[in-house]
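Let's take a walk through this protein together. Have a look at the sequence and the structure below, and then read on.

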Amino acid sequence: MKQVVQNYKSGELALLDVPVPGCKPGGVLVRTAYSLISTGTELMKVSEAGMSMLGKARSRPDQVAKVVQSVAVNGVPATYRKVMGKLDSYTPLGYSLCGVVEQVGAGIDDVKVGDLVACAGNEHALHAELNWVPKNLYAPVPDGLAPRHAAFGTVGSIALQGVRQGEPQLGDVALVIGLGLIGQLVVQLLAASGVRVVGVDPDPVRCELAERLGAAACGDPASSAVEQAVAELTGGHGVDQVYLAAGGDSNQPVELAARLCRDRGRVIDIGKCRLDLPWNAYYEKELDVRFSRSYGPGRYDPEYELEGRDYPIGYVRWTERRNLACFLDLAARGRVDVEPLVSHTADFDDAVETYRSLKDGGLKAVAVLFRYPEQEVEAEAPSVAVPAVRRGGKASAPVRAAKTPVRLAFVGAGNYATSMLLPHLARRDGVELSTVVTTTALSAANARRKFGFAGATTDLDAVLGDKSVDAVFVVTRHSSHAELTRKALLAGKAVFVEKPLALTEDELAGVLAAVEESGNDRLQVGFNRRFAPLLREAGKRFGPRTGPGHVRYLVNAGRLDHGSWYLRQGTEGSRFAGEGGHFIDTASWLLGADPVSVYALSTPGGEDLQVVLRYEDGSTATIGYVTTGPAGFPKETLDLVADGRALRLDDFVRASVYDGRKRWGSSRLPKARDKGQAAELAAFVKAVRTGGPMPVPLESLVATTAATLAVRAGLAGGAPVTLARAR
């Protein structure tokens with residue numbers, strides 16, 4: 001692979017071929033899509049490398065002090081060899097990137113191969129095609145955030161930590177000195193926090209940019225415009241905070257800070273500038289001088305950065321990783337706009353020339369991105385495979401005697417199982433609730449007491465090995481569905497698994513491999529809406545169609561409560577991945593076909609989705625999945641239009657069919673919304689009892705699952721995703 005390196009002794013820059021790093025435990029191997037050049041920190045390092053040895057010594061007095069100490073301990077010859085050896089070596093550049101997880105190390109369970117992540121660290125987020133990144137130095141990229149924007153994650157975290165050190169409050173006025181990359185981000189973060197900002201920079205272009213991005217006023221430090229703006233905004237008192245985001249040897253920034261800060265204000269040093277504090281000015285105002293250390297708590301702590309030991313959130317609210325995730329969220333929701341900061345995007349193969357242009361002044365930039373070759377390849381014609389269903393040696397479906405009960409076992413007894421499934425089964429004739437399996441003894445005991453299970457256990461293998469059990473219900477958290485389904489199929493059981501069937505293509509392939517190996521295709525996924533009596537009656541009244549149909553399905557999902565396990569996207573998948581199959585299945589059932597392509601869009605932050613499904617005959621279905629709608633609005637509304645007719649379903653309480661006038665309408669409200677669980681369970685039990693076909697063909701379940709998985713691929717790629725059917 002290729003990596004940008006520099007020889008600090010000679011100043012040589014090179015794009016070097018180096019070995020691919022190994023994927024160690026506790027981290028992930030990431031293939032870079034975009035990496036960001038820090039035009040402040042990195043160019044300072046590049047400039048220092050081009051200096052004479054005397055110039056290097058003057059620029060780094062801290063390192064000179066270490067050399068002097070080493071001479072005293074080890075002598076001149078040994079110290080000389082050590083220093084020259086270190087200087088005459090290649091060192092890496094870069095510390096902020098976005099890429100795709102290519103390999104997952106042992107102990108990592110919050111991301112998987114193919115996930116998009118933002119990475120940090122001057123040893124781990126380098127300008128290189130592949131990087132190994134430890135757990136606390138990466139964060140998943142929210143849906144809807146472009147990879148080129150996510151590459152700003154590290155510098156955004158630096159700016160965010162600086163703002164946190166200033167402790168701004170609504171209505172404050174702040175001064176930002178230095179409007180380079182960090183300063184521009186500080187301006188936006190302060191403006192998003194309700195702070196009025198005055199910016200200072202000798203470059204009028206940067207001043208204009210900061211004003212466009214939220215600053216109230218900006219100007220040259222030598223002009224009177226800045227002091228006038230501060231006086232007007234603060235009533236002559238001075239600003240509440242000053243953020244030093246400038247570099248260089250001038251002491252002007254700290255002197256200006258003292259002059260324009262209010263009594264007992266705060267001065268926060270984010271950049272690397274001269275800090276000869278004028279004692280009288282700082283003493284008389286009793287100014288609070290603070291330093292902001294890089295990305296946040298955890299920086300330079302090897303136990304945190306390398307060993308993955310997090311700080312408890314109750315004691316350290318904002319760590320490096322939490323700052324990184326927070327900045328990505330702000331960018332995804334449009335609270336911070338990094339696109340105007342991108343002055344130039346260069347191909348990674350042109351990295352050396354790009355650095356030279358920046359150093360020589362030929363390229364003047366706030367931020368420069370490297371674009372890696374894989375980024376273009378990945379954007380081409382994305383597709384998700386729809387695996388073919390192959391049945392091995394056909395396993396005969398047992399037929400129960402008419403008076404013999406169907407024995408069911410439940411794996412999981414959470415809220416959905418106990419409220420929407422078990423009440424229907426517990427009162428159904430011909431059903432015996434055999435065993436409930438849970439991870440905790442008490443939840444099993446509660447389910448046994450409430451619904452009359454014959455037994456309760458935490459031993460799944462014992463239930464799968466029980467030949468008297470006819471069918472297994474998998475009603476656990478999403479991440480376990482595919483594996484539990486696979487085990488139950490291999491054990492020869494009929495399986496009812498709540499949606500989703502799988503969270504990844506690999507999981508779906510594993511389920512189908514179990515079908516092929518065992519010959520057991522007795523599987524039903526809990527797509528219950530196609531069984532809803534009101535929708536079925538409306539579909540019957542609508543009748544068959546001849547031309548393309550068009551479905552519009554609005555899902556007013558609402559917001560989740562804080563702490564809901566649905567929010568654990570790293571392990572449980574996105575919210576739409578969990579329940580989107582319901583709506584795709586319903587649309588496909590109404591249209592009588594499986595989709596051939598999926599196009600997905602989201603609002604910033606991924607809160608609301610628009611999913612467009614296309615079918616082979618030209619039919620379409622649009623699913624609007626929103627979490628920002630009003631609480632009193634119906635959760636689900638659906639329309640089908642075809643052949644001059646229209647069907648409307650209002651939240652499973654009203655339905656109507658039109659053909660120029662209302663042809664049919666439900667005459668009275670049902671006693672309760674019936675979304676089809678009872679009818680679906682009845683159909684499943686009947687299939688188990690009689691050995692007849694399962695309620696929904698396995699091919700349809702697979703197609704719906706693949707289409708749901710394609711939504712994520714579509715959001716990441718920004719293009720329609722073809723559902724490629726295997727043969």
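Helices (H or I, at least four residues) and strands (E, at least two) are DSSP runs, numbered from the N terminus. Residues are numbered from 1 along each chain as its sequence is written. Keep in mind that this is a predicted model: local features need pLDDT of at least 70, side-chain atom pairs count only at pLDDT 80 or more, totals for chains, interfaces and linings use all residues, and side-chain values use heavy atoms, with hydrogens and water left out.

**The big picture**

The protein chain has 25 helices and 32 strands. Of its 727 residues, 50% are buried; buried means under 20% relative accessible area, exposed over 50%, and partly exposed in between (1.4 Å probe, protein chains only). Contact here means heavy atoms within 4.5 Å. Take the contacts between residues at least 6 apart in sequence: 69% of them join residues at least 24 apart.

Most residues other than glycine have a negative phi, and most peptide bonds are trans. Asp643 has a positive phi of about 55°, though it isn't a glycine. You'll find Asp643 in the loop between strand 28 (636-642) and strand 29 (645-650), and at 35% relative accessibility it counts as partly exposed. Glu167, also not a glycine, has a positive phi of about 50°. Its place is the loop between helix 6 (153-166) and strand 9 (173-177), where Glu167 is partly exposed with a relative accessible area of 44%. Then there's a cis peptide bond joining Lys499 and Pro500, with omega about 0°. Pro500 sits in the loop between strand 22 and helix 20.

**Rings that pair up**

How many aromatic pairs does a search of the whole structure find? It turns up 13. Rings of Phe, Tyr and Trp (its six-membered ring) pair if their centres lie within 6.5 Å; planes under 30 degrees apart count as stacked, over 60 as edge-to-face and the rest as tilted. Here are two of the pairs:

| Pair | Centre to centre | Between the planes | Type |
|---|---|---|---|
| Phe496 and Phe684 | 5.5 Å | 75° | edge-to-face |
| Tyr553 and Phe583 | 5.4 Å | 70° | edge-to-face |

Phe496 lies in strand 22 (residues 494-497) and Phe684 in helix 24 (residues 677-690), so this pair ties together parts that are 188 residues apart in sequence. Phe496 is buried at 0% relative accessibility, and Phe684 is buried with a relative accessible area of 0%. Tyr553 belongs to strand 24 (residues 550-556) and Phe583 to helix 23 (residues 575-591), so their pair links parts 30 residues apart in sequence. Tyr553 and Phe583 are both buried. Ring pairs also link Phe410, Phe453, Phe473, Phe496 and Phe684 into a cluster.

**Two helices side by side**

The axes of helix 19 (residues 481-490) and helix 20 (residues 505-518) come within 9 Å and cross at roughly 0°. Axes are lines fitted to C-alpha atoms, for helices over the stretch in contact, and angles run from 0 to 180 degrees between N-to-C directions. That makes helix 19 roughly parallel to helix 20; angles under 35 degrees count as roughly parallel, over 145 as roughly antiparallel, 65 to 115 as roughly perpendicular and the rest as oblique. Among the residues that meet are Leu489 and Leu490 in helix 19 and Val511 and Ala514 in helix 20.
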